[in-house]
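Here is a model to go through by question and answer. Each answer sets a value against its cut-off.

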There are 2 protein chains.
Amino acid sequence: MVSKNTLKTIKSLATKKGRETHKQFVVEGYKSVCELLETTLEAVMVLVTEGLDTIEGTQCETITPKEMQQISSLKTAPGYLAIFKMPETHELPQTGRILVLDDIQDPGNLGTIMRLCDWFGISHIVCSKNTVDHYNPKAVQASMASIGRVHVYYTDLEKYLSQLQLPILVTAMNGTSIYKNILPENAALVLGNESHGVSSAIMNLGKAYTIPQYGTQTTESLNVATASAIILAEWLRTTET
Amino acid sequence: MVSKNTLKTIKSLATKKGRETHKQFVVEGYKSVCELLETTLEAVMVLVTEGLDTIEGTQCETITPKEMQQISSLKTAPGYLAIFKMPETHELPQTGRILVLDDIQDPGNLGTIMRLCDWFGISHIVCSKNTVDHYNPKAVQASMASIGRVHVYYTDLEKYLSQLQLPILVTAMNGTSIYKNILPENAALVLGNESHGVSSAIMNLGKAYTIPQYGTQTTESLNVATASAIILAEWLRTTET
């Protein structure tokens, strides 16, 4: 039995304000919930729609399908929902491989990028303050539990990158081909906003790189998540193999 | 002035059945509409919400915001919507670079893959019959007008691939690294369903390739659209540069 007040609190976690007030966020779906339970994140509560199997070895509360749909951020609630505490924030990373995001707006893109970083063993994503919140339900969903393994930070990028003792690689439409030189192993790789790319202030701090295009010139640019996939793969390929 | 009946017909294009009946599909958004008007696709009608600028050089019909929202498949109608005729289908491709999709279910993934193929100059995507319809509004949206430049076919993949006189490259979790050998320039590259990957019948027809993973073993697999991005980039890099 879960109180109405608790359900109301969970519902409030759909908004950034609610998440910041309670320092908690929501994940949905059996697989994502189970995977996040395996990480170092601390679960506050696991809810399962009555009639579904509970999760072995985990204390689950059952609620009605109607209650589940009310607190779900998905059109059709998958029936498994967990609330986790936001982990403490760490000091900004200063070494290694760092992915930097300049005003990414789409939570699905951010989630996909978290999943990619996890796949490629990149643990740190530093975002501009205007980048979408990585605890947004759509970002959490698209991250497929990678949110429990990748550290995401929000800061003033200009200030952060100016003091960083690492090469800064900026993705742009008119840079050097990513295949021309071997990318430095330890660096900050910057990806920009879906419409405007990387802001000029940040562009000036690094060296511009481009994914070569083989189609016709009329082709739309690449989506930021697929561009990330290509550049991250190339970064790892040239320095890890 | 657009009749109620016409609006009803447009609304019916949101479903596969409606699209197949009328042999037409819908695209929304100023940029996508303008770009598709530049392709060889034939526009049936272009609708603009009253108060917005019409598209230069194109005959536009204006409708009320309410009417636009009713026919839009987006939560917030962008105000520009065009109906295009489905182009005639061609013979299945037998040479060159062919992307093959085995039961891709998510229209957003299919749209993203169309956009990627367009970027990389790959003109042919051959899909299994159970792959999601590429005229699905979400697929059209994600393709960013690439749907006007890339040819998409639906067929019995087993039959098609069995008669194809090209190497068949299949993406799988346990194949040879895509970086180990140079991929053949002309080939059919197969990507599988989001949950189950490539079906075993098709797996047996080709050679398995894998994107190396650098993260921990607990990591979720890559999303099919980001996996496509990485493999297509590598395919083009090794054979075009």
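**Contacts and salt bridges**

Q: What makes residues count as contacts of Ile125(B), leaving aside its neighbours within four places in sequence?
A: Contact means heavy atoms within 4.5 Å. Beyond those neighbours, Ile125(B) is in contact with Leu99(B), Leu101(B), Ile113(B), Met114(B), Cys117(B), Val150(B), His151(B), Val152(B) and Tyr153(B).

This is a predicted model: local features need pLDDT of at least 70, side-chain atom pairs count only at pLDDT 80 or more, and totals for chains, interfaces and linings use all residues. Side-chain values use heavy atoms, without hydrogens and water.

Q: Why is the pair Asp133(A) and Arg19(A) called a salt bridge?
A: The term requires a side-chain nitrogen of Lys or Arg within 4 Å of a carboxyl oxygen of Asp or Glu. The closest N and O atoms of Asp133(A) and Arg19(A) are 2.8 Å apart, so the pair qualifies.

Q: What does this pair tie together?
A: Asp133(A) lies in the loop between strand 6 (124-128) and helix 6 (137-143) of chain A, and Arg19(A) in helix 2 (residues 16-22), so parts 114 residues apart in sequence are tied together.

Q: How do you know whether Asp133(A) is buried or exposed?
A: Buried means under 20% relative accessible area, exposed over 50%, partly exposed in between (1.4 Å probe, protein chains only). Asp133(A) has 11% relative accessibility, so Asp133(A) counts as buried. Arg19(A), at 2%, is buried.

Q: Why is Lys85(A) classed as it is?
A: Its relative accessibility is 39%, so Lys85(A) counts as partly exposed. Lys85(A) forms a salt bridge with Glu42(A), with closest N and O atoms 3.2 Å apart. Glu42(A), at 46%, is partly exposed.

Key. Residues are numbered from 1 along each chain as its sequence is written. Chains are lettered from A and ligands numbered from 1 in the order in which they are written. Helices (H or I, at least four residues) and strands (E, at least two) are DSSP runs, numbered from the N terminus.
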